[in-house]
Amino acid sequence: MSLQIGRINHHASQLTDALTSLAEANAALASNDWERAESLLTEHFTGYGYSLIWAKKALLCAFQRGGLASLSRQYKSITRGADRRAWGILCHLYYDMADSAYHPFKSLKNWLHVLSDRTADARWYRDLACWNLYGHVCSEEELSSTLLSSGGASLIDLVLTIWSRHEIHDSATIKSALSSKLCPTVRSVLDQRFSSISLSIPDRYMKSNRSVSDLDLYRFSFFFDEVNSVASWRNQLTGLLHPDRMSAFAFGSRTDHLLAGAALAMENETDGLAGSEAIVEKWLRQIAPEAVRIDQSWVIAVVIAQFLKNVDVKNDISSKYIVSLISKADDLHDHLSYDHIARLHYLNRDNEPIIRFFVRDFLFKKVRSPDNDLERRAAFMDIIPDYDRHNILSYLTSVSMWSKPAAIYLARTCTRTFLERLYMIMTSVQDVIESRIEICSWILKNDSNNLESITEELEALRRELSNLDARSDIDSTRVHVDEEALKEWYLETQYPQTSRYIQTVIAEGREAKHESFLKYYNELLAIADRGDKEDFIQDTQIGSEFILLSLVEKTLDAFVSDRSFGLNAYLSRRIRHGTLGGFMLTPVARIVRRARDAAPGSERTAATEDLQVVQAVLEQWRLNLASKLDHARKNIIQINSDACPEGKIAATWRNASGVTHLDAMFSRVRQRVLDADGAYDIFPDIYAVCWDLIERDLAQIRLYLVKEFLREANDMLAHAFANLSTDQQVIAFRYVSDLCEAIESRVLEVCGWFIRPMVRRDNYDLTTLVDSMLSIVRELDESYNFRSEVLIEHKSNISRGTFEIVSDILFVLIGNAAKHGKKGGLIRVTSRVGGLWRHHLELSIVSEVESSQDMDVALGRIHDAMDVNGAGELDTAAVAEGFTGIRKLLGVLQRVKSDRKTLECLPNRKTRTITFRVGLPIEIAAGRGTVR
């Protein structure tokens, strides 16, 4: 510190003038005198050159003077030639904060994520950026690093860094330096010009009704945080936004933090919220006293989160009061940790079911895992009386009588994708559509937000309902991604960036010129060739095209990798669990077995020795083919990653065809946004380009299957055939010919799996599903030789949400019947409605057993499998057993949240049959026309 103060004192005279010049510009900026501010900043730059604080002010002034176009020009001007340096990155941060379309909290989290990934050699600029984002440091070590970095930028940055935080940080080093070591003339300017300031919010940061958003006040204050009062003001909020950084060093020993008091005020149920809002209003007006009206919804959400973190479980807080607070807070999960969300269970004094749903919904939004998604849907189903979809609307109405925001929150949660997977409530696609129509109509009557989009959805749903019977299906083997679920993810996670993109396009206008992404791609290639990292060039790009690129990259990652709705989910169901192997190898095994069963001495065979050689060669080829197929399944037909470097699914735009797709898509979307004056949904274009970007990968898989896998399989067979003697070749010829034909047919059919689908599948007929499962089981093992009979009582349609559960149940039971049943025996699949409960579906799979001894063995094996000690064994079974394991079935049933599920094994020694009977709530699988 002494060295830094010495540097400041050595240049005290010039530094005093520079600070005075900057203070004049500050006054002009704070009062919205943009013309004078621009002149003063130009004069300052001429006299004192570059500094980070000057760049911050210059970019703010440029945006307020001429909008986004002016901001972009200023950014490019001051970073020209520095797009691969830290200067460009820090200026990009200031550029983002100045842009009114940039969300100054949610989007800043992306910056924090980016900075956390930076290596140790980038620490000096990373510390500076974090200093700007957080407004404080947590330790003497972090302070020293930041001071060294700011001192390397300019002396102006150094002295203002020290000054602006001296009242915040409990640092004897800073206080001693300022009180006894700093030059008096410098200290005098700081005291007079950088102690406090009053901000007048500019028009570009105001809403249409002339009100000021707390978010935009927070944004505007960012550009004045070298002033002591603003730094202290921001630090109160930072302490709540980033509790992991709270420390005595970071926040000092001050006790007059208004926001902490606002959280305490909420303990009073009668007028706690009103009292808290009054305190927040007072806090906001500390730096903006002249604002006419300030919308404080964001800060109130932060304060509510703080209240929920601190409130004592022993406090007598009613559950309905907590629900009212939760539902009034926008994006509350952003301000609560995973543990704090789970803690809400303990605050549920009255055991209110809706709180359990809020907890599960917040946990899902925090960590979007399949388990969390299942739990939140189960929690929602539990709050609907009698698990009847007709009661959803009445429940919303009843909740709205004591908390309308809570009812609106629930209604907004009930998207079509969400409803489709309420397997105990929704009985068909028709039910889903009708329920969504009712909910949309309720929203239109009770919520004034986004009326246009809800009205459009309502009209589309009514059209779809009238044409429901004409909807098309696609083959379930075809590669697919759940578009509706992906869109739900997109709207929940990418809305701020989407809004910013649209506003940026409109601000840029039709005259804006954009280069092809080929140039940017070539720059990335050049960096890679030099062995450098892409961090700098990625972090310094601006403009609408790079915002859209970010949206495409994040959506593409979810499109490919998500385990619930992405391509990864398809690969897990169709490729990894063994269906591919069974499909490819079953005809091969049948032909090899036919050769093995051939009798020596027949008219088509020669000596026993020659036949045995042929049989051994064909069996070895089958084993080699199975090994090669296993390699393809695990390593080739997979998503390319560090764990799977041979995976053919790269899913990237970084190739010539990808750049072409992006250029065409960006140009098209930009034009449509401008033509619609911003009222254009860009998601369908992003979804389409995701398919475009993996078309090349799907083609590579097809090419691999035909040009490599099939060729190598044929080459292995040809080589084995060539090494046989003439007599042996005579024996082997027809088997080899059949094998060549069979493997080629199956390879070409599998190639058809990897063709981009054109129609989304919504319905699955139960009869068709049973027939499909019987067919798939037959393909798993050539020894599965059985007859089948299907007797389905009702023609039923099941939604996508229930398809996986029902298909897994059928697959396991039919597979088990085929595996342990009589060779050539009958497998009968039946269903009926009724049984133990009125609204109940019973599925029965009956198989014949060869003998009483076989029955005893089978029953012993089944009994052992159903004797489970804890969930751990089910988890092990999910990955360790064969696909037809009974324990795997138990794991599937465990996912069905109902006390009406049953699984029975019923032997009949007289007829030597074993019956598996599964009972499920009818809501999980019943279709139109069934009993309600």
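E24 is partly exposed, at a relative accessible area of 28%. Here buried means under 20% relative accessible area, exposed over 50%, and partly exposed in between, with a 1.4 Å probe and protein chains only. R36 is also partly exposed, at 41% relative accessibility.

This is a predicted model, where local features need pLDDT of at least 70, side-chain atom pairs count only at pLDDT 80 or more, and totals for chains, interfaces and linings use all residues. Residues are numbered from 1 along each chain as its sequence is written, and side-chain values use heavy atoms, with hydrogens and water left out.

Side chains of opposite charge can pair when their charged atoms come close. The rule for a salt bridge is a side-chain nitrogen of Lys or Arg within 4 Å of a carboxyl oxygen of Asp or Glu. E24 and R36 meet this rule, with their closest N and O atoms 3.4 Å apart. The pair links distant parts of the chain: E24 sits in helix 2 (residues 12-30) and R36 in helix 3 (residues 34-48), 12 residues apart. Helices (H or I, at least four residues) and strands (E, at least two) are DSSP runs, numbered from the N terminus.

Next, look at E226 and K57. Their side chains form a salt bridge at 2.6 Å, N to O. E226 lies in the loop between helix 12 (214-222) and helix 13 (228-241), while K57 lies in helix 4 (residues 52-78), so the pair ties together parts that are 169 residues apart in sequence. Are E226 and K57 buried or exposed? Both are buried.

A further salt bridge joins D681 and K487, at 3.4 Å from N to O. D681 is in the loop between helix 35 (656-675) and helix 36 (683-722), K487 is in helix 27 (residues 483-493), and the two are 194 residues apart. D681 is partly exposed at 37% relative accessible area. K487 is partly exposed too, at 27%.

Salt bridges can also share partners. One such network joins D361, K365, D373, R376, R377, R421, D482 and E488. The model has 37 salt bridges by this rule.

Now turn to empty space. Rolling a probe the size of a water molecule over the atoms shows where such space is left. On a 1 Å grid over the protein atoms alone, a cavity is a set of points where a 1.4 Å probe fits but cannot get out; lining residues have an atom within 4 Å of a point. Grid points are joined across faces, edges and corners, and a volume is the space filled by probe spheres set on the points.

The count comes to 10 cavities of 30 Å³ or more. The largest cavity holds about 180 Å³. It is lined by 15 residues, and I53, W131, N132, D157 and T161 are the closest to its centre. Helix 4, helix 7 (123-134) and helix 9 (155-164) each give two or more residues to this lining. Helix 9 gives the most, with 4 residues. The lining divides into 6 nonpolar, 4 polar and 5 charged residues. Ala, Val, Leu, Ile, Met, Phe, Trp, Tyr, Cys and Pro count as nonpolar, Asp, Glu, Lys and Arg as charged, and the others, Gly among them, as polar.

The second largest cavity has a volume of about 110 Å³. Of its 14 lining residues, F364, R368, D373, R421 and F565 lie nearest its centre. D373 and R421 also belong to the salt-bridge network. Helix 21 (370-383) and helix 27 each supply at least two residues of this lining. Helix 21 gives the most, with 4 residues. This lining divides into 4 nonpolar, 3 polar and 7 charged residues.

Definitions and conventions:
On a 1 Å grid over the protein atoms alone, a cavity is a set of points where a 1.4 Å probe fits but cannot get out, and a pocket is an open set with protein on both sides within 12 Å along at least five of seven lines; lining residues have an atom within 4 Å of a point.
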